[in-house]
Amino acid sequence: MTGFSKGIRKVEVGLKWDPSPSGQPPTDLDLVAATFVSGDAYGTPAYLVHFDSRSPDGTIFLNRDSTDGRGFGWDEVMTLELDRLDGRYTRVVVGVVIQQQFGHKTFVNILNPAMRIRVERYTVLAQDDFGSVPGATAATIAEFVRDASGEWTFRPGVHGFEEDPATFTRVMGRAR
């Protein structure tokens, strides 16, 4: 490949799982994105995007939200328009958190969880079934970092956390 590259511009993150068995409480997973500024790239998120919010400039938003995994295809879908994100943002971390309102659940308790990360709706960057983090209640699934030239790069990896949803959103961007 030559030096003529547009880098990563628009990303779609999909999350799906099967509903709880009949008579059991619903299972609710949520996609969360955290943005970080250059002066605090591994500290406190500048802002979060999740089920009841969107980015202030509309560059990161949840297209689809599910509270029970009932539906066809991907239950939750988030779009990140990285090419439109203001230059002060140098890092975006995407995670998945399991809501705990009906008792303690980890990924091993979720029926057929899966995630997919695609660029421009076609090229798959990553797919996973959370099998590497069975005891986790949350996981980071993607990290996008802006380099000195302004291009975004993707750092793959599923990293588990044993945090409640509120704590996870505060610590999901810390250096590993």
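This is a predicted model: local features need pLDDT of at least 70, side-chain atom pairs count only at pLDDT 80 or more; totals for chains, interfaces and linings use all residues.
## Cavity

One cavity of 30 Å³ or more is counted. A cavity here is a set of points on a 1 Å grid over the protein atoms alone, where a 1.4 Å probe fits but cannot get out. Residues are numbered from 1 along each chain as its sequence is written, and side-chain values use heavy atoms, without hydrogens and water.

Lining residues have an atom within 4 Å of a point. For the largest cavity they include Pro26, Asp28, Phe102 and Lys105.

## Pocket

A pocket is an open set with protein on both sides within 12 Å along at least five of seven lines. Strand E10 (152-161) gives the largest share, five residues. Strands are DSSP runs of at least two residues, numbered from the N terminus.

## Nonpolar core

A nonpolar core joins buried (under 20% relative accessible area, 1.4 Å probe, protein chains only) Ala, Val, Leu, Ile, Met, Phe, Trp, Tyr and Cys residues through side-chain atoms within 4.5 Å. The largest core has 37 residues, and Phe130, Ile141 and Phe144 touch the most other members. Strand E6 (residues 89-98) gives the most, five residues.

Terms used: Buried means under 20% relative accessible area, exposed over 50%, partly exposed in between (1.4 Å probe, protein chains only). Helices (H or I, at least four residues) and strands (E, at least two) are DSSP runs, numbered from the N terminus. Grid points are joined across faces, edges and corners, and a volume is the space filled by probe spheres set on the points.
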